[in-house]
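Trainee: Could you walk me through this structure?
Mentor: Gladly, here it is.
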Amino acid sequence: MNISAIIVNVLGLALIGLVVWYFWLYRREGVQIAAVAGVQEATIKVKGGYEPDVIVVKKGKLVRLHFIRQESSMCSEMVIFDKIQKSAKLPEGETVTIEFTPEQRGEIPFQCQMGMLRGKVIVEA
Amino acid sequence: MTLSKSISIEESASEIARSALLGQIAEPQDHEAQAIAKEYRSLVRKFWFAAVISIPVMLVAYPELPWLYLPGLFVREVTQNLIQWLFVLSAAATLPVMAFSGRQFFTGAWAALKRHSADMNTLIALGTSAAWIYSTTALLIPSIFPEGTATPFYDVTAIVTALVVLGQALEVRAKGQTSQAIRKLLDLQAKTARVLRNGVELEIPVEEVVVNDVVMVRPGDKIPVDGEIIKGYSTVDESLVTGESLPIDKKIGDEVIGATLNTTGAFNFRATKVGKDTALAQIVKMVQDAMGSKAPIARLVDVVSGYFVPTVMILSILTFLVWFDLGPSPALSFAIVTAVTVLIIACPCAVGMAVPMSLVAGVGKGAEHGVLIRNGEALQTASQLKIVVLDKTGTITKGKPELTDVMPANGFDRETLLLFAASADQPSEHPLAQAIVQGARNQGVHLSEPNKFEAIPGHGVETEVDNRQVLVGNAKLMSRNNIDASMIKEDVERLQGEGKTAMYVAVDGKAAGVVAVADTIKEDSVQAIRVMQDAGIEVIMITGDNERTAMAIARQVGIERVLAEVLPQDKAQEVHMLKKGGKKVGMVGDGINDAPALAEANVGFAIGTGTDVAIEAADITLMSGSLKGVAYAIEISKATMRNAKQSLLGAFAYNTLGIPVAAGALFPFLGLLLSPIIAGAAMAASSVTVVTNANRLRFFKAKSFANEIQ
């Protein structure tokens, strides 16, 4: 194996490592939302994903998430909160609101119908 | 200034939120149809753009093809230099293909990448751009590549983009058909209503009708909102909303459901529910919620699909390395082509879409027949039911007694007997007496007004009809009046054996015959129960009645196992015991009295709820009173789960077989290597197949709604 072949192999393996780290191991900080008049409100842009996609809230206070879908791709036309049995259609360009009051600490994931786009609400004490 | 501004922002935000919440129901779905049509047109445009450019690019990619040599067409002599220039043109031509036709892949991939996630866009964007970058590098600085590997393949970029976009277009169109059910429901809605306000008749948009408005309905009109008839009568066709096939007679005091069709009569009704409170709006809401829920099987898939795309990326890199290190010459060419093929063939969409698409189609199909499935979990469990417990009264039977037998004794004819019995019973409010009166009227008997009516508790009635003494009641009434009823005693006992309530009738001190009433079974109960039994489900009847009455009904409908003399509060306990056997148990009853048993069952079916669709205890709500709905719910659940599993299995098989083949697993044995273009076509086809398969459910033919089974 000549030197260039070795370099290619090392780069390839490094790339695999990068994929593993970037997509699976990397832990991201969520966006903390503060309660205003007892309501924890956030606007989430839906375009190829949810922006922001990790939202940190406090338990026991109303959470109001406003979704605005800014694309026509059918993939994101629905957002599903399976854990709390809520879902909504997101017509392009309209604001659709999901409301709930988390009572327990933990994570409430949300996603598109196919599970390709994902986000989560982290509920803290 | 700042203060007022912040308030107005807050106000407008909550206003938007509120209208959006309402909008989910009130918003006409034309909107959605338009969005789908727009997306489809846009994708088709993108496809044609890519397709048109693909043709010359593909021809250039195969310079050995004879087209370049056609005399006089292009050039006389094909030089290496010419081919190089043609490739440069290809490079330039494929850029707009990626930028226009494939734009969403790149924007989507980028958006995902920013959030440390990857999806189908990532794979297509990587595949097509890797092909382009490799080709362009090979074209510009061929010297860095080993001998014979610096061959561009721009055709992959252009054709794969075209194919995947075409696949998406077909998918969008098919998806529009899958979610048609809700649109159909909303189309049922009347557009205007005729209301009476301050004595003036006004035609107003249906949205403006308020509770307590008096709404006028003429023959052939669509009933605009829910309400209660206050004047007139008619027959209403509720089939489109409740699935009940026969038109229903409606009189003063009866409920009417918005979006159902008035037939011949005219009536006025008082609006009781409008806007998002109407039965139709509730149905739409429930169906939408169910379509957005997850079947447990899909949760499993979600776990897998979370790892899918990065895994494919890793496999692609490994494929590259294996070919690069171990492949035949030109190894680099093989390595890059196979790596790109792996990226392109993988279809996470097909896996992710399989269950949701079938669920949407199945739930919609159910709604068409007045079967409202609360969520994916209810649907999946309904498909696994092994035992179905049916409440007797009101579920298998009509829930109110009807006249069943009229048996005159010697010296009387049928009509006379019925005339006396029914006339005598006229003043009585007892349901059994009323059943006899109603039965006689239905048979065209003109009743007489009785004199000296006397109800004797525990015995029956004593009256005078047309100046003759008439007694209607039990054996005790006969013996009290010293009437010899021995010749009709046998008939009475036989009828009782059939679970009926038989009554002696005596006229002027002589036994005149027997009339019997019974809670009759609904016309279609037998068929519905048979459909369930044929599907391998054990059907059990539960009732508070005594064993004999219960068995009589059970025999008529073909049920073998009966839980008789069960007190209402013990029904849930019985269901609990059945569940202990390890089989999935469904319970069918009315949503109010049977709520605990419905909640206890694996799947609770609330039957005949009419407008009251939002019954919490039920997993599946049946708008009509027919048991066919239960059979149908089970049938459609099974069909939906079968469909979802087919798609899922197909998608998994496709990916687990396709990816190794794309990586060249067959090359050492068969010398077979997949072209990235074939991979692109396969990928597009696989996701279209999933949606198409789900659409097959639209043509599902249920046994429970077959006209007649032999």
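Trainee: In what order do the 6 strands of the open sheet in chain B come?
Mentor: The order is β11-β16-β15-β14-β13-β12 (chain B), with antiparallel pairing, where strands are DSSP runs of E of at least two residues, helices are runs of H or I of at least four, both numbered from the N terminus, and two strands pair if DSSP finds at least two bridges between them. This is a predicted model, in which local features need pLDDT of at least 70, side-chain atom pairs count only at pLDDT 80 or more, and totals for chains, interfaces and linings use all residues. Residues are numbered from 1 along each chain as its sequence is written, chains are lettered from A and ligands numbered from 1 in the order in which they are written, and side-chain values use heavy atoms, leaving out hydrogens and water.
Trainee: Switching to α5(B) and α6(B), at what angle do they pack?
Mentor: Helix α5 (residues 120–140) and helix α6 (residues 154–178) of chain B pack at about 160 degrees, with their axes 8 Å apart, the axes being lines fitted to C-alpha atoms over the stretch in contact and angles running from 0 to 180 degrees between N-to-C directions. α5(B) is therefore roughly antiparallel to α6(B), a term for angles over 145 degrees.
Trainee: Which residues of α5(B) make the contact?
Mentor: Among them are B:Ile124, B:Trp132 and B:Leu139.

Note on methods: Angles under 35 degrees count as roughly parallel, over 145 as roughly antiparallel, 65 to 115 as roughly perpendicular and the rest as oblique. Contact means heavy atoms within 4.5 Å.
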